[in-house]
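Colleague: I am new to reading protein models. Could you take me through a few features, one at a time?

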Amino acid sequence: MINIVKVSLLLVVMLLCESTLFAQEYTISGRVKDAANGETLLGATVLVESGGGAITNEYGFYSLSLEKGKYTITYKYLGFDDVVKTVDLDQNKTINIELVAKANVIGPAIVSAKSLEKKVENKKISVVKMETAKIKEIPVIFGEVDILKTITLLPGIQSAGEGNSGFNVRGGSQDQNLILLDEATVYNASHLLGFFSVFNGDAVKDLEVYKGGIPAKYGGRLSSIVDIKMRDGNAKRFSAIGGIGTISSRLTLEGPLVKDKSSFMIAGRRSYADVFLPLSSDRSVRESKLYFYDLNMKANYELSDKDRLYVSGYFGRDVLGLSQLFKINWGNATATLRWNHLVNEKMFVNTSLVYSDFNYGFDIKFAENASFGLDQAINDIYIKSDWTNYLNPNSKLNFGGQVTYHRFNPGLFSANNEDSRAIFQDIQLEKKKALENGLYIDHEYTHSKRLNMRYGLRVSSFSNIGGSEFVYTKDPQTNEPISALTVKDSFSNGDFYNTYIGLEPRASISYNLASTLALKGSYNRTFQYIQQASNTASAFPTDQWFSVNKNIKPQKADQVALGIFKNFDIGLETSMEIYYKWMDQQIDYRDNAQIAFNENLDGELLLGKGWAYGAEFYVAKTEGKSSGFISYTWAKTMRQIEGISGGDPYVANFDRRHNLSLVFTQKFSKRLLATASFVYSSGQPFTTPISKYYYGEKWNAEYDQVRNNYRIPAYHRADIGVTLKSKEKPDKRFKSNWNFSIYNLYNRDNPYAIYFRTVETEDLEKNPDAIVGNTAAFQTTLFRMIPAITWNFEF
């Protein structure tokens, strides 16, 4: 460990000294923004005609060090007109650029060889990035724009199922994805039990998903990072964006606080199914509740040429209640305070203070004046600082750290009134606390026009704080706890114990075989210290988060990936990637596990190893009036855990062997746009009974020891959507469009769940071959054909 730290420090010194090796160097730095609204442009390209260049960071900042001389510099961003500047560099200079969006011209696309070359160079292995404008074109259920459902159309990212915002990435479970909103962790990303995600598309500026090749600045999850950034707000003028849809409506307001210096954005959304419930003739329906709402807020202020302050937040809630019988509610709250500081022309630093909270509760009425409730929560407070040193045009050093304080409330079971307290007393499962830390260093280096690389190291640690825990001794044959050998350890309130340390090397490399052909590879090791207790393929808000301890060791994964990227002069981008992932300390549950409101949860868990591998193919046409993409993934995900399936390997319950997506968009005119999509995926594995027996005056199912021994039928559907824009008038700022969509065009009965019961007489209408009295499998379907209409506007 000490040697690794020494080597890392030596690397920092060498890299810092590297910038002094270039004689008479000066630096051009600044920000690149959208001329229409002042939003900074992430990933804009700054090209030097004589060679070299830079890419703007997430705050639109760039820094480029060159020798003294005269240069022609081009600023480029997809969908915007280029800006060309001639710079006589004889001192450090700050050049801020505003790019103008291209006119909406319908016609053949002109694809230059230079743009194709830059696309293949800038494409990162195992990284997905989608423009929000493209996301809004793809039809989804009820016409609601959903960024999480849209990314499942891309290779390597598999939907957890219909009616679920969850997703699995390269053989990982849903809780192995870290979802960030302006750097704040979002622990539950679903509305209405998973039918919609919590992200309002009008408030989102940028979305990036790391499936592999994860930079060292990110940590805490095994499988993926979903980094979502909110819009800063229009710094030029006041404006509004909104829409009225089938299931919900939304409104976003933005504008300058001080023109070109400070801006704000506030976006709200609410569903309104509950508005119509009082119209029902059924009293129980009238007294029911069913709605969600969310609110995004952000503001920023330029303190000086070198300092900018950002504050952003999210608050969302779901409420579902059936008459007076029960009510459940859950929601996220996040807050982020960020300070951007330019130390000098080459050194950029961002420091953030972040708060994240997810809580869940339900109330159940069991008598006329008696009811009880259950509340669970997890919340974090953390501070992080990320530094970037632009050493020279070919070398960039990133380093920083993060300290996170976790608090877990596994459950408070309480009476809601005095009548209820007369029946039972409150029960509070012991609350838990923990501290998680991370330090990293990361170097991006361009060796030549053909070869560039990125390598780094993250050192993470995790400690439990205070409280108590059960320590189990497990039977080596069955892997189950021996109750007689179970002891309880107690610790003082401020004691740190069970400290784990993880070394996480990261590396990626890219070699251009030709100007439009590149070979890329990556390796990353990741550790995960908190996880979710869920024994289904689809995670729910009720699933409890818990941390590692003496019984549960940190999860660890090593992944390698290799990809080839090729662009064609007809406007096609293609790629193929293969990957293999090894996973240790993977969690599954023993048969008949009780995981809800269980203070001895550790005793229900079984640990073992896992592995996943696959191949991903992607073809996209991004230019011209006809565009779209084809995505196909072949993947396999396995687990091997003592105590499950006789200790033999078995497929994970979220394994889907084949995943295919097709998306096609046609622009008929400046006003008319049509999109169609098709998805296909193999059925999820599940465990079926092999026989039944009569005992205890009822029939009971008997299961084989092999877990996930069967698959539900394959899932497939087609969707279409048409957008009709209003006529644009030069003297009017108001714009609007109508979106018409059909989800599940051919009315496919896709399986949501499979269950077993006795065949009744009425079942013979659908299945004449069934035998009344026998046990058979039945399918639950959530959605068939669903038309939707949405009116969108902006001014």
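The dialogue below goes through a charged residue, salt bridges, a sheet and the nonpolar cores.

Modeller: This is a predicted model, in which local features need pLDDT of at least 70 and side-chain atom pairs count only at pLDDT 80 or more, while totals for chains, interfaces and linings use all residues. Residues are numbered from 1 along each chain as its sequence is written, and side-chain values use heavy atoms, with hydrogens and water left out.

Colleague: How many salt bridges does the structure hold?

Modeller: A salt bridge is a side-chain nitrogen of Lys or Arg within 4 Å of a carboxyl oxygen of Asp or Glu. The structure holds 41 of them. In one, the closest N and O atoms of Glu-39 and Arg-231 are 3.8 Å apart. Glu-39 is in the loop between strand 1 and strand 2, and Arg-231 in the loop between strand 17 and strand 18, so this pair ties together parts 192 residues apart in sequence. Strands (E, at least two residues) and helices (H or I, at least four) are DSSP runs, numbered from the N terminus.

Colleague: Is Glu-39 buried or exposed?

Modeller: Buried means under 20% relative accessible area, exposed over 50%, and partly exposed in between (1.4 Å probe, protein chains only). Glu-39 is buried, at 6%, and Arg-231 is buried too, at 12%.

Colleague: Which side chain of opposite charge is nearest to Lys-33?

Modeller: Lys and Arg count as positive, Asp and Glu as negative; His and the chain ends are not counted. For Lys-33, which is in strand 1, the nearest is Glu-302, 4.6 Å away. Lys-33 is buried yet has no salt bridge. Glu-302 does form one with Arg-308, at 2.8 Å from N to O.

Colleague: What is the strand order in the open sheet of 4 strands?

Modeller: Two strands pair if DSSP finds at least two bridges between them. The order is 3-2-5-6, with antiparallel pairing. Strand 3 (53-55) and strand 6 (83-89) are at the edges with a single partner strand each, so one side of each has no neighbour in the sheet. Strand 2 and strand 5 are joined by 4 bridges, and Val-46 stands opposite Tyr-75 in strand 5.

Colleague: How many residues are in the largest nonpolar core?

Modeller: A nonpolar core is a set of buried Ala, Val, Leu, Ile, Met, Phe, Trp, Tyr and Cys residues joined through side-chain atoms within 4.5 Å. The largest has 43 residues, and Leu-148, Ile-179, Phe-199 and Ile-228 have the most contacts inside it. A second, separate core of 21 residues includes Tyr-187 and Phe-462.
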